[in-house]
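Hello,

Here is the structure I promised to pass on. Have a look at it first, and then read my notes below.

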Amino acid sequence: MITITLRGKAYPILFDLTAVEQIQKRYTNIADVAEKLQHTAEMCWLLALVINEGQKLQAFEYGIPAHPITSSDVATLLTMRDMNSPQLIAAITDAFNEC
């Protein structure tokens, strides 16, 4: 599973069918995701969604508790350096391409 690191902690990210459905509801067209990532609030929403889905899968697979994260939590963790990081965008792209 793809992970991203925010403030030194690795978070799993997963674009599963639940995430894809939520993205389609929010944006109508999943192809609009790349454009929406230019907006801080949308980046935080999307990261919270895919982190939560990644944690749910890990909880299911390994019997460990998931710790839901909100977009507000992500906003606290995310820095401008992260927002402009090619590694973050690459991880999101890689996770999207896994689905």
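Just after α3, G63 adopts a positive phi of about 65 degrees. Please keep in mind that this is a predicted model.

Helix α3 covers residues 40-62, which is 23 residues.

Is E53 buried or exposed? Its relative accessible area is 6%, and the cut-off for buried is under 20%, so E53 counts as buried. The side chain of E53 is joined to that of K56 by a polar contact of 3.0 Å. Leaving out residues up to four places away in sequence, E53 touches L14, D16, T18 and A19.

Now to the nonpolar side. The largest nonpolar core has 29 residues, and the members that touch the most others are I4, I13, L46, L47, I51, L78 and I92. Two or more residues each come from β1 (3-6), α1 (17-27), α3, α4 (71-77) and α6 (86-98). Which element gives the largest share of this core? That is α3, with 9 residues. In soluble globular proteins, nonpolar side chains tend to be buried together.

I92 is worth a click too: beyond its neighbours within four places in sequence, I92 is in contact with I13, F15, L37, M43, L46 and L47.

Best wishes

Key:
Residues are numbered from 1 along each chain as its sequence is written. This is a predicted model: local features need pLDDT of at least 70, side-chain atom pairs count only at pLDDT 80 or more; totals for chains, interfaces and linings use all residues. Side-chain values use heavy atoms; hydrogens and water are left out. Helices (H or I, at least four residues) and strands (E, at least two) are DSSP runs, numbered from the N terminus. The expected span of a helix is 1.5 Å times one less than its number of residues. Buried means under 20% relative accessible area, exposed over 50%, partly exposed in between (1.4 Å probe, protein chains only). A polar contact is a pair of N or O atoms within 3.5 Å; within protein, one must be able to donate a hydrogen and the other to accept it, and residues adjacent in sequence count only if both atoms are side-chain atoms. Contact means heavy atoms within 4.5 Å. A nonpolar core is a set of buried Ala, Val, Leu, Ile, Met, Phe, Trp, Tyr and Cys residues joined through side-chain atoms within 4.5 Å.
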